[in-house]
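Please look over the two-chain model shown here before reading on.

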Amino acid sequence: MDAPFHAALSAEPLDAARLQAALYDAEAGGVAVFVGVTRARRAADDPRVTTALEYDAYGPMAVRELRELLDAARAQWPLVRAVIVHRVGTVAAGEPSVFVGVATPHRGAAFEACRWLIDHLKARVPIWKRECYADGTSEWTGGAWSALASPP
Amino acid sequence: MSVRPPAEAERVGVTVLLFSALRDGVGAESLDWDLPAGADGQALLDALAEAYPAVARLRGVVRLAVNERYAPQDRPLLHGDVVALLTPVSGG
């Protein structure tokens, strides 16, 4: 975590406060953070209750993709620091599953880069979630590729 | 004097990686698969779809990664390639 740019998968619970603290830098006046949290309902009209999400990843490729997203973001915005960590394994409903944080000299770039990183992470990084419902059933989600995942 | 190439040159052996719904459907997280020389990702998917109903069912949405990078399905595969079959991702 000492490096200013950090991308990883974690089998352990995410400590958002610690990850955020790693973004503070005297050169960066703006820090924007997105924390994805597992929802108990997939959609407002879905009666099933999700108790946990199980995340599967193609680990080496996922980390490579995350690093490439950081490189691409650095080419677009003046990032001083950036951290992306995604959970793998079981995440109980209401717990953080992904942390994206960026530090930039001014706030505008921080908001933009943070949004860009989470949107592209969701579109193309090889990670999958399985919804585990209260009734004991479960299913993998992910029906279609996002337009942001440009075909190779 | 003609030298017959080693048998390995006539076939392409790849490692296939499976995740999430495909891993559950096929019942394996990796497969060793032999293809004729010159075969591409399309040929691999044809063969796997014939062998595994789960691959046939999801083939329309599968994208390939070769050696940890997204790759077009018409790319010829090389002996030793690691080919991942990726269903639409759902991280976040």
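The sections below go from the basis of the values to single residues.

## Basis of the values

This is a predicted model, in which local features need pLDDT of at least 70 and side-chain atom pairs count only at pLDDT 80 or more, while totals for chains, interfaces and linings use all residues. Residues are numbered from 1 along each chain as its sequence is written, chains are lettered from A and ligands numbered from 1 in the order in which they are written, and side-chain values use heavy atoms, with hydrogens and water left out.

## Nonpolar cores

A nonpolar core is a set of buried Ala, Val, Leu, Ile, Met, Phe, Trp, Tyr and Cys residues joined through side-chain atoms within 4.5 Å, where buried means under 20% relative accessible area, exposed over 50% and partly exposed in between, with a 1.4 Å probe and protein chains only. The largest such core has 29 residues, and those with the most contacts inside it are A:Val102, A:Leu117 and A:Leu121. In chain A, β3 (50–57), α2 (59–76), β4 (81–87), β6 (96–104) and α3 (107–124) each give two or more residues to this core, and the largest share, 8 residues, comes from α3(A). These elements are DSSP runs numbered from the N terminus, helices being H or I with at least four residues and strands E with at least two.

Leaving aside neighbours within four places in sequence, A:Val102 is in contact (heavy atoms within 4.5 Å) with residues including A:Leu23, A:Val31, A:Ala82, A:Ala113 and A:Leu117.

## The largest pocket

A pocket is here an open set of points on a 1 Å grid over the protein atoms alone, where a 1.4 Å probe fits and protein lies on both sides within 12 Å along at least five of seven lines; its lining residues have an atom within 4 Å of a point. The largest pocket is lined by 20 residues, of which A:Arg39, A:Lys122, A:Lys129, B:Gly91 and B:Gly92 lie nearest its centre. In chain A, β2 (30–37), β3, α3 and β7 (127–133) each supply at least two lining residues, and β2(A) gives the largest share, 3 residues.

## Aromatic pairs

Rings of Phe, Tyr and Trp (its six-membered ring) pair if their centres lie within 6.5 Å, and planes under 30 degrees apart count as stacked, over 60 as edge-to-face and the rest as tilted. By this rule there are 5 aromatic pairs over all chains. One of them, A:Trp145 with B:Tyr70, is edge-to-face, at 5.9 Å centre to centre and 80° between the planes. This pair crosses between chains, from the segment after β8 (138–140) of chain A to strand β4 (residues 69–71) of chain B. A:Trp145 is buried at 16% relative accessible area, and B:Tyr70 is buried at 11%. A:Tyr58, A:Trp128 and B:Phe19 form one aromatic cluster.

B:Gly13 lies in strand β1 (residues 11–18) of chain B and is buried, with a relative accessible area of 11%. Beyond four places in sequence, the contacts of B:Gly13 include B:Trp33, B:Asp34 and B:His79.

In chain A, A:Ser10 belongs to strand β1 (residues 5–10) and is buried at 16%; outside its sequence neighbours within four places, A:Ser10 contacts A:Val85, A:His86, A:Arg87 and A:Val88. A:Ala28 is found in the loop between α1 (16–21) and β2 of chain A and is buried at 13%.
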